[in-house]
Amino acid sequence: MIQMLWPSTIISMNPATGETLAEVPIGTPEDIHQAVARAWAAFPAWAERRYAERGRLILAARQYILDRLEEIVEVTYTETGKPRTEALSSDVMAVLDLMTYYAKYTEKLLRSERIWLGKYSIMGRSSYVNYKPLGVIGIISPWNFPFAIPMGEVVMALMIGNTVVLKPSEYTPLVGLKIGEIFQAVGLPEGVLNVVPGDGTTGAALAEAKVKKIFFTGSVATGRKVMMAAAKNLTPVVLELGGKDPMIVCRDADVDVAASAAVWGAFANAGQICASIERCYVDQAIADEFITKVVEKTQRLRQGPPERVDTDIGSLSTERQLQVVEEQVGDAIVRGATVLCGGDRNRELGGYYFQPTVLTDVDHSFSIMREETFGPVLPLMTFKTEEEAIRLANDSPYGLTASVWTTDIARGKRMAAQLQAGTIMINECTYTHALPQTPWGGVKQSGVGRTHSKWGLMELVELEHVHVNRMARTKDPWWYGYSRQLYEVLVDFSRTFTSPSWVDQLKAIPAVLRGQRLKKY
Ligand code: NDP
């Protein structure tokens, strides 16, 4: 009898109803090994193709998604419990735009670049860098944007000429498989993209596999494990981790706009966005008006079945997440927080629904102000001065995004300069992951490295430096043939050539000429 040490399948389910959607085999370490081997075998031919050819395939995949928009939106909301409108706007629409951008601009963004060599160019030297595909990229992705996050990284990797092994979250295997299906349907060559659904063990096997880079998006705890596993092969990692993103509302903000932003930024995707507004600090002078508006707007949100186009807020995606939210809100209430609305599960709806919740009378000793909640909860505090707001916002181990709300843009920029986050928004929140042109990533425990934009592309390339010496018939003075004369030339050189002053540098010319005349082996 074969004894299973762990279950061999994962159950995909609809978190809004508890209905089982499918049973999917868990990728084993051997499956990962084979997928990585297939990706390496496919790499040389894929890397050889021209950008324009790869771009055509990406745009064909984009058209395929558009042709099956409703089907892809449906699998996304069914596996996550998010509202249909959000499955369309933040998962699918964001990706369509990203595909157009990278199909059109990757070649331009990765053009060879000349390096300015200054005085070395007088000596006939020039340098440039080329950006080349790295090889096989391992992508490990979460469930909160099961289409947008892995798809964006897959598109960037493929456009450059890399091949990919993707391990989607165990909670959203069907969306992960859909990504593979899309590219297969448009004729992506065998082995270029390999989707291996599975659980943590599958991810762990990928982190240890012989790939050239790991792109991981998920929690800090798992990110740490991935970094340690990847270190065994010296595989570099990009880690996109959690956040506890602060919103600062200044006294000169448009109160109505800021209140709408707070409600959307905190509750969109049921708060399960790494860049959700997780803490709000409002100037005492406008706090009453702002908080009243936030509560009114929250009470207008329609929580309901994901498939309805007028549902504002769906269910949480996992039972584990529901427990975290319940624990943090429960702890805040025990410690004296005031619940202005929500505060509990939405028991009328079944599934993993938690009511959108607004809390006051909290402080930084509460877990709700320190740990990532990843749920529909907005805790609010007031501040008296700009300095106090910045100190509170920065008082966190995380630093993914932060936002400042003010009609005085100069004030916004002044405060932005003091905030510790990978992205700081003035009069905006949460959405810039959807801008393919801008870098995405965190500081402090929110991550390592960047995705999206040309800086994200840089994480996916091998940087090759080419150095040219046009003086093909001369030997360098510092080559063998060491002597007293050479030593004196080098002393001269140290004083002149390395000087910050141009005048001193010109004085190096005689030493250069003397150096050239020295006998070399
Ligand atoms: P997890 O860290 O639990 O999981 C992320 C991925 O890692 C999943 O595919 C998971 O597989 C896999 N995994 C689990 N264990 C291991 C392991 N030992 N080695 C390798 N991979 C493993 O995160 P969640 O899926 O719960 O996602 C939520 C978190 O993601 C939040 O903290 C959120 O802030 C963060 N996030 C960050 C973003 C950013 O851009 N900074 C964007 C989106 C989310 P499985 O699911 O099968 O267990």
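Trainee: Before we talk helix packing, how do the angles run?
Mentor: Axes are lines fitted to C-alpha atoms, and angles run from 0 to 180 degrees between N-to-C directions. Keep in mind that this is a predicted model.

Trainee: OK. At what angle do α2 and α6 pack?
Mentor: About 155 degrees. That is helix α2, residues 51–67, against helix α6, residues 148–160. Their axes lie 8 Å apart.

Trainee: So what does that make α2 relative to α6, roughly parallel or roughly antiparallel?
Mentor: Roughly antiparallel. Angles over 145 degrees count as such.

Trainee: Which residues meet there?
Mentor: From α2, Y51, R54, G55, I58 and I65. From α6, M151, V155, L158, M159 and I160. By class, that contact has 8 nonpolar, 1 polar and 1 charged residues.

Trainee: Switching to α19. Which of its residues are buried?
Mentor: A508, A511, V512 and G515, in a helix that spans residues 508–517.

Trainee: Where do they sit around the axis?
Mentor: On the same side of α19, because they cover an arc of only 105 degrees.

Trainee: And what covers them?
Mentor: The cover includes α17 (484–496) and α18 (502–506).

Trainee: Cysteines next. How many disulfides?
Mentor: The count is 0. A pair would need its sulfur atoms within 2.5 Å.

Trainee: Take C429. Which cysteine sulfur is closest?
Mentor: The one in C280. The sulfurs are 10 Å apart, so they are too far for a bond.

Trainee: Is C429 buried or exposed?
Mentor: Buried, at 3% relative accessibility. C274 also counts as buried, at 14%. The cut-off is under 20%.

Key: Residues numbered from 1 in each chain as written. Predicted model: local features only at pLDDT ≥ 70, side-chain atom pairs only at ≥ 80, totals over all residues. Heavy atoms only, no water. Helix = DSSP H or I, 4+ residues; strand = E, 2+ residues; numbered from the N terminus. Parallel < 35°, antiparallel > 145°, perpendicular 65-115°, else oblique. Contact = heavy atoms within 4.5 Å. Nonpolar A, V, L, I, M, F, W, Y, C, P; charged D, E, K, R; others polar. Buried < 20%, exposed > 50% of the residue type's maximum accessible area, 1.4 Å probe, protein only. Arc of directions from axis to C-beta.
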